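Trainee: I would like to learn how to read the features of a structure like this one. Please take me through them one by one.

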Amino acid sequence: LDPTLKLVQDNPCLTELIASVLALPEPSPSILSFTLRLAGILAASENRFQHLQQQKLLVRLFGRDGPLSSAMWEDASVRSGWVEGVHSMMHHQPALHFLCNGGGIDVIFALQGDPSLFVASAASRLLVHMLILSVESETTKPLSTKDCDWPACAQMIIKHIEDSLQSSSASHVEQSLKLLTSLFGSCRSTWTEVLWLGIAKQVESFLTEETVQTQYMLANLLLNMAWSPVFCDTEGSFWALVTSALEHLTPVQAGPLAVGILRLYKCPQDVRIQALTVLLQPMDCILRAASQPLEYAGLLDESVSDPATVESLLSSKSSCASLLCQTLAHLEELLSLVYLPVDLPYTSLLRSLMTILQFCNGFLSPASPLGTMISRILINCFRVQRSALDVLAALSERKGCDTLIGSIFDVLLAYLESPNTGPTVLKKTFQATSKWLVRLHELSCSNSQWQQTEKILEDVFLVLQKRLCSPCWEVRDSSLEFLTVLIKCLRDQDEFRQPLLSSEVPRLTENLLEDPESYVRASAVTAVGHLAFITYFAPESPVVGNQYNKENTVAKLQEILSTDPEGFPRRAVISIFTKWLRQGCTGQLEDTEQFVSRVIQTVEHDLDWEVRLGGLELVEVFCSQTICQLGLPKCSYAPVSSAVSSSIHQNESLQIFCRAKLFSFLLQSLCDCDKPVGQRACDILLGLRGSFYPISTLKDSQGTEDSPAGHSIAWLQRTLRQGSLVQNFPTDGGNRVDFEDPESMMLALGTIDLEELHDELNKSSDHVEKSPQSLLQDILATVGTIEENEADCY
């Protein structure tokens, strides 16, 4: 017996449900929609399809006498259920013939224009699926352009596409273009070329017919075809059409096609050059508009389309910003590629970018009437400013832009200093400045231009001082983020440290630890934490005197960790402490032990689970470093030691962990009400057990209750199994575990079933929530409030 058929035969309630819904005089639309989808899923198997056919259920659901001809069809959910049901069913030829012979295909054609976009989109996807199924299941030899060679169902769909493309109705043309775009995007079979040859002339005519409003869809269609090996490997006609599209589509329509072409590896060189020309034309126009006669070389020798078209778009208030933002976004997309298939004229592109940025802040007086018009439109246009700054930042990683570096910083500093620069544009300016400062450092290393670098850095820190005092919290926040990025990238360089430490920036940064805005306090914590690598932890601090007090700063950060009412600054503190510990900046082992102990005793009571998780990360780093320094087997860098010395070191590290109160924190974290905290604590304890117990010496938990310590550990294990439900951990009546006793903790590591806890903590809640019992409870819970919970129940 066919196992797929067995499902409906063993569960007659399924067909009874469908029949009972059909028997209702007026079923609710959602119940009918559900039944249509269910029937479609069942009919996906050919044997089940035949079984449902014999019972006349499918014809009553999907045929002419079903919901199609009833008032129910007016409800979009019923039409959606019908389309989805048919789609689920379409996996075999009998279903295809049932629909085509019963007139169902005409219904799908009509649903392409459905007022519900969900239904219309589903109908289009269904037609693509049916066309592929028909051609690939019903043809035995390669297809030609003759109609008779196409299977019957495919013929009906192709004729519908051809008729729609020749229709005077723009919506019909649009529907067919969408269908073709989807088809060429999902199907890579050679027969798609046969289909295309029959409609290519008609599609090509849309490029030159001004009456057609669907030209914007042609870019997507041609792009999907270009990505298909069926078309991109062909010579001639297809690429000629792409070239024609790049010429005839408007710059806004042609932009997405151009950037898509430039991302292709397989593309004729002349088409690639033409696509690049389309993309650079607005940038070229900006450069030419800025000075008459043209002061520098432009971006293009010749243009693809009429330059007047681009000029008119850039001189119109309604289209100028949109065209530039689109062009800049496409350029940024290209620059993000690891391998760029074309050579960009970087120097001219940079000049054009700087011109746009100067137009936007009014720092450039253009000589031409077009330039004057564009500059008036762009003044304070933050959309264009942000896009241009993104491209400027991306260009810092490309060779060939170095000759203009002085001019680039002139523009960036003008933006940093200008009171008209809004917070979002300022943030982008900071991002671009940090990237170009790193680039400048790389250049000054190779050509010894230290003086230029030092002068630029002094100017940057002067501006930063003002911005750190801004009344706008977003500006203070961005300034601190910018400082942190610079320190991360350049902290080892003397020419960076000297101007930074001789400025007011460090003092102002520390002042912002008390900012009224929590985001700013968090960013100030991070910036101060990174500043410490220069002011406190550098082998030879470049500044002498009492200007920087390490103890004061650590005390301030610890105060924030224990008293700040917001979570962001506390998370930032624990992150910085972990970074310091990771880089060995917390002193000798004894000092580090006290430092870690103080921090975790603060963190274990924090209400923010991310702070507690950060505390566990700190503990993990401390454990790893301690074990490494004492030469235990866990550390791959430790020298191989004898069993005796290993035992001594093992005992020593265990005492350190007990004194630092690590075990109390770790074992309590196992019962944390936030699962990630418990999981991390369990992972750390398993790691510690691996260091202290070779697998062969692990003790069995049986018999631990013989000693008083063992009795407490046995209670502890029972407590941990109950997890976060336990109150007043870690006491239970008279039982108390001594977390600072090395012997007790050794016993705990050896006897508590950490693997069982690990599995329990890592078990997804799906095992409860997705069980049939849970689903049944959900359904029963909605009884009585059907209308409110109908969607959830379904």
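**Reading the chain**

Mentor: Of the 794 residues in the protein chain, 52% are buried. Keep in mind that this is a predicted model.

Trainee: How many helices and strands are there in the protein chain?

Mentor: The chain has 42 helices and 2 strands. Its accessible surface is about 37,500 Å², and carbon and sulfur atoms account for 52% of that surface. Sequence separation is another way to read the fold: among contacts between residues at least 6 apart in sequence, 69% join residues at least 24 apart.

Trainee: Which residues touch the most other members of the largest nonpolar core?

Mentor: The general idea is that nonpolar side chains tend to be buried together in soluble globular proteins. Here the largest nonpolar core has 259 residues, and Trp82 and Met130 touch the most other members. Helix H17 (residues 269-290) gives this core its largest share, 12 residues. For tryptophan 82, with neighbours within four places in sequence left aside, the contacts include Leu36, Leu61, Phe62, Trp73, Val107 and Leu111.

Trainee: How many disulfides does a search of the whole structure find?

Mentor: A disulfide is a covalent bond between the sulfur atoms of two cysteines. The search finds 0 disulfides in this structure. Individual cysteines can still be read by their accessibility. Cysteine 13 is partly exposed, at 49% relative accessible area, whereas cysteine 623 is buried, at 4%.

Trainee: Where does cysteine 623 sit, and how do I read that helix?

Mentor: Cys623 is among the buried residues of H33, together with others including Val611, Leu616, Leu618, Val621, Phe622 and Ile627. Compare the span of a helix with the span expected at 1.5 Å a residue. H33 covers residues 609-629, 21 residues in total, and reaches 30 Å from first C-alpha to last, close to the expected 30 Å. Then look at the ends. At the start of H33, a side-chain oxygen of aspartate 608 comes within 2.8 Å of the backbone nitrogen of glutamate 610. Just after H33, glycine 631 has a positive phi of about 75°.

Trainee: What is the reach of H31 from its first C-alpha to its last?

Mentor: H31 (residues 567-582) has 16 residues and reaches 23 Å, close to the 22 Å expected. Its buried residues include Pro569, Arg570, Val573, Phe577 and Trp580. Glycine 584 follows H31 and has a positive phi, near 70°.

Trainee: Which residue has a positive phi although it is not a glycine?

Mentor: Lysine 56 is one of them, with phi at about 60°. Lysine 56 lies in the loop between helix H4 (46-54) and helix H5 (57-62). Lysine 56 counts as exposed because its relative accessible area is 54%, over the 50% cut-off. Asparagine 380 also has a positive phi of about 60° without being a glycine. Asparagine 380 is in the loop between helix H21 (369-378) and helix H22 (382-395). At 45% relative accessibility, asparagine 380 is partly exposed.

Trainee: Is leucine 747 buried or exposed?

Mentor: Leucine 747 is buried, because its relative accessibility is 15%, under the 20% cut-off. Leucine 747 belongs to helix H38 (residues 742-751).

Technical notes. Residues numbered from 1 in each chain as written. Predicted model: local features only at pLDDT ≥ 70, side-chain atom pairs only at ≥ 80, totals over all residues. Heavy atoms only, no water. Helix = DSSP H or I, 4+ residues; strand = E, 2+ residues; numbered from the N terminus. Buried < 20%, exposed > 50% of the residue type's maximum accessible area, 1.4 Å probe, protein only. Disulfide = S-S within 2.5 Å. Expected span 1.5 Å × (residues − 1). Polar contact = N/O pair within 3.5 Å; in protein donor to acceptor, adjacent residues only side chain to side chain. Contact = heavy atoms within 4.5 Å. Areas by Shrake-Rupley, 256 points an atom, 1.4 Å probe, with all protein chains shown as cover. Core = buried A, V, L, I, M, F, W, Y, C linked by side-chain atoms within 4.5 Å.
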